[in-house]
Amino acid sequence: MAEQWLRRKYRCGIVLSEQCCASGETPDVIGWKNTCRSVLIECKISRSDFLADREKPWRKQPENGTGCERLYLAPHGLIRPEELPKAWGLLECKNREITLTVNSRRQSPRTETGFMWEMNLLLASLRRVEVRIEPQSITDFLKWKNRLTEYNGGTLPQGVTAPEAESNVHLKDLVIV
């Protein structure tokens, strides 16, 4: 449900769940919006699960954790707003509907450490994809439209968008500082 919420309601273009990064943190769900902002959701189903989460190293030192925005998702009434860590938001689930109960405070941009852990997570996930599509590399796999064009005598089949005409919100308005 958290994955769907990030994709549909929060408009994250890339969403991963249960992927471990080198820091040891395994976000339940993390997504990236077109502004390259990451949104972390930790799903809690019991009070003990929520309370144990406080003891994780990246909760004790949040600057080393992933997520520019951080939210808990829990059954309605499980977590009281005043119990939330600083800047965290709260999503509550009731009757299979998710409601944003407390807005997360957008953190200042990720720290370099948190950003590096996120990059590690993304790169490890891409590598998993590449392993699954072998013997092709991910680069060759992503060039399937080139093979379609070649197979089709130099033109793309009707209904297939040319790579240069594709909209990719993750590449637009990218500002490098």
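Biologist: Which residue in β3 is the bridge partner of G31?

Modeller: V39 is the bridge partner of G31. This is a predicted model, where local features need pLDDT of at least 70, side-chain atom pairs count only at pLDDT 80 or more, and totals for chains, interfaces and linings use all residues. Residues are numbered from 1 along each chain as its sequence is written, and side-chain values use heavy atoms, without hydrogens and water.

Biologist: Why are β2 and β3 said to pair?

Modeller: Strands are DSSP runs of E, at least two residues, and helices are runs of H or I, at least four, numbered from the N terminus. Two strands pair if DSSP finds at least two bridges between them. β2 and β3 have four, in the antiparallel sense, so they pair.

Biologist: What makes β1 and β2 a pair?

Modeller: Strand β1 (residues 14–17) and β2 are also joined over four bridges, antiparallel. V15 stands opposite G31 in β2.

Biologist: Which residues show that both faces of strand β2 are covered?

Modeller: V29 and G31 on one side, I30 and W32 on the other. Each is buried, meaning under 20% relative accessible area with a 1.4 Å probe, protein chains only; over 50% is exposed, and in between is partly exposed.

Biologist: What is L6 in contact with, beyond its neighbours within four places in sequence?

Modeller: Contact means heavy atoms within 4.5 Å. L6 has R11, C12, V15, V29, I30, G31, V39 and I41.

Biologist: Which residues of the largest nonpolar core touch the most other members?

Modeller: W5, L6, I41 and L91, of 13 residues. Such a core is a set of buried Ala, Val, Leu, Ile, Met, Phe, Trp, Tyr and Cys residues joined through side-chain atoms within 4.5 Å.
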